[in-house]
Amino acid sequence: MDSTLDKKLLGFRQIAQEKLRNILYSIPLEKDLVIEPALIKPLEHVVGASWLRKNGIDKIYKFDPKNPPPKRKQFLYFLSANLLQFKSALDQISSFQSQTSSSLMVAEADRTGHGQYHVVVFPLVLASFEQLLEEEGLYGSVQLYSFQWDFIALDQGLLSLELPNVFGDVFVREDRSMLGSIAQSLRVFNMVAGRPNMVFTLGENSEKVFQMMQRIDAGKKVKSGAGKEVPDFSTMLIVDRDRDYPSCLLTPVVYSGLLLEIHKFVSGSLTIESSGNKIKSGKLAILQKDEPQKSKQESTNLRMNATQDVIYQENRYRHFSEVIGLLSSQAKALGLEGKMYSKDMKLSEMKDYVTNKLPKVAAQKKELFKHLLLCETIVDEIGGNFEKHQLIEESILTNTNRKQIMSYIDELMAADAHKYNTLRLICLYHVTLGLTSEDMTKLMTAYLNAFGYHHLTVFNSLTTARLFPDTTNLTKAKILSQISIPILKSPFQIEANKLKLLPTDSNDSNTPVSSPTSPTGPGKKQQCPSYVFNGNYIPLVAQLSQMILSATSFDELNNRFGHLERLKLGGKNFVPKTIRELSITSAKAEVNLLLPLKAKTIFVFVVGGVSYAEVAACHVVEKWTGGKIILASDTVLSGCDLIESVVGC
């Protein structure tokens with residue numbers, strides 16, 4: 001079933017190709033494509049340059065607002081749903097029109113039935129685009145099209161919509177226009193894989209997405225029971241990113257997660273720059289170490305896909321301390337294999353060695369060298385302070401040593417301040433323990449002194465996303481409520497303990513706590529999903545998936561999830577309600593018929609981005625339960641990326 005399911009998931013590419021082909025065929029004659037640079041990488045997952053040329057595209061240009069391409073024939077712009085980008089494109093079009101006789105433009109439009117300019121907007125054309133088009137006097141001259149590629153398979157068991165900045169729009173700006181696109185894509189998913197019997201939602205935006213899916217089906221007159229008799233996935237779980245911030249804010253110890261901490265990641269491709277990385281670019285210039293100048297090298301890419309990189313496949317979800325040892329052993333083995341050539345070989349053996357084996361060894365060495373360099377960068381950038389940082393994160397999760405935590409953050413501000421990662425630790429502190437007014441003021445002042453007071457609005461954005469306390473209205477009552485009172489457990493801990501997300505806070509934890517740069521890693525003890533955070537925390541989506549896959553009755557679900565007021569369960573034959581509400585309705589019997597799951601398959605979608613730590617944790621749950629978990633989101637990100645999206649708002 002797995003191979004059949006994987007083929008189905010790859011079928012989204014064919015669906016996207018048909019959508020794009022219909023748009024291109026609706027525009028007669030050849031055209032030049034002007035594409036926004038940020039959309040190039042994800043589009044490569046859908047179509048290649050040869051496919052575009054076969055379907056009417058002649059030349060391909062990167063969109064540059066300051067340097068328009070030469071005007072040869074009609075243009076097709078491919079842009080994301082960003083009003084500023086769209087305005088820049090319209091400015092270029094206005095400039096082209098001013099250089100061309102208006103009578104020729106009218107004649108061309110009459111002949112083809114279209115204008116010379118077309119704009120494809122990903123994922124959808126917003127109402128503001130139509131309004132701006134009219135204000136610019138280009139209505140009728142420019143044709144608008146919506147295009148969405150739905151899910152892109154980045155790796156085995158990992159799908160992404162590659163929607164731009166959903167977290168910033170939805171959770172910071174509170175602009176929920178992208179939720180409609182997510183709902184459309186999830187509906188397409190249900191059409192391909194069948195509609196699950198149960199759909200869990202956790203969070204306000206997840207509820208809205210599910211409601212939109214139901215309205216779309218109702219508008220298209222799709223019956224609630226329509227679709228495949230036996231869906232490929234028994235359950236769908238949709239979760240808001242703000243329901244589990246620690247899974248993004250904590251520092252992972254798995255190889256794939258640490259790669260995203262260092263390098264930029266776009267659509268499954270890691271960009272490795274020789275001159276810098278995310279750690280270096282985020283630090284103050286005064287704190288940068290003077291390093292000897294290296295010869296300039298072009299940036300390289302690593303495709304984080306198990307089917308295309310054997311070394312990555314073997315190590316992607318391993319504890320980093322294990323990866324270093326395994327790569328070293330592999331390097332020694334390749335070194336010995338490269339010395340197998342001997343003068344005593346027969347001529348036919350020499351020919352076979354040079355023709356077949358030597359190129360493979362050389363290619364393996366090249367790939368291995370790339371991974372060894374990546375490991376070296378991880379150790380150089382975060383290895384020295386990693387063990388102490390892990391202990392501080394553990395203290396934050398377990399609500400111990402508050403003075404030590406504050407001293408550590410003060411130390412970072414003074415000697416090793418990072419524009420995003422320092423804020424990330426502060427946000428983790430607030431989400432789990434809650435910042436007092438005194439600590440809040442102290443940390444804000446230190447951050448603004450380090451990076452400039454023009455970042456003052458950043459804290460308002462963090463407040464909107466529930467990552468920082470409200471700074472706008474500190475009344476006496478609020479100040480008193482924020483006074484630090486010694487308590488055994490914070491509200492976060494109480495909630496996390498109900499779901500058993502904190503193994504370090506329980507007596508039966510069998511997960512070790514070790515440094516990722518230590519010579520001995522967790523090894524055989526990588527059996528608990530918490531290993532992705534060094535044994536300190538289990539990602540919420542992994543724990544929910546495990547509980548759903550192993551549930552045998554409705555009463556068991558009620559015992560596990562009854563306290564979650566935001567968790568709702570809907571199905572083909574019953575409306576979404578909380579587990580407690582369903583317990584007093586006839587839907588309880590309906591759910592009992594579905595449990596235990598006949599097919600242990602679950603589709604998980606995270607609104608606002610998913611981390612590789614969560615992917616690795618779900619991989620462990622699959623082994624635990626013998627089930628199949630497909631994890632999807634609008635993008636794949638690290639904690640640094642999450643905070644950067646807030647700062648950029």
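The lining of the second largest pocket divides into 20 nonpolar, 14 polar and ten charged residues (Ala, Val, Leu, Ile, Met, Phe, Trp, Tyr, Cys and Pro count as nonpolar, Asp, Glu, Lys and Arg as charged, and the others, Gly among them, as polar). This is a predicted model, where local features need pLDDT of at least 70, side-chain atom pairs count only at pLDDT 80 or more, and totals for chains, interfaces and linings use all residues. Residues are numbered from 1 along each chain as its sequence is written, and side-chain values use heavy atoms, with hydrogens and water left out.

**The pocket**
- The second largest pocket has a volume of about 1,400 Å³ (the space filled by probe spheres set on grid points joined across faces, edges and corners).
- Of its 44 lining residues, A38, L163, P164, N165 and S645 are the closest to the centre. A pocket is, on a 1 Å grid over the protein atoms alone, an open set of points where a 1.4 Å probe fits, with protein on both sides within 12 Å along at least five of seven lines; lining residues have an atom within 4 Å of a point.
- Helix α28 gives the largest share of this lining, four residues (helices are DSSP runs of H or I, at least four residues, numbered from the N terminus).

**Around S545**
- S545 belongs to helix α23, residues 540-550.
- S545 counts as buried because its relative accessibility is 0% (buried means under 20% relative accessible area, 1.4 Å probe, protein chains only).
- Leaving aside residues up to four places away in sequence, S545 touches L237, I602, V604 and I629 (heavy atoms within 4.5 Å).

**Cysteines**
- The structure holds zero disulfides (pairs of cysteine sulfur atoms within 2.5 Å).
- C528 is buried at 9% relative accessibility, and C640 is buried at 1%.

Methods: Helix = DSSP H or I, 4+ residues; strand = E, 2+ residues; numbered from the N terminus. Buried < 20%, exposed > 50% of the residue type's maximum accessible area, 1.4 Å probe, protein only.
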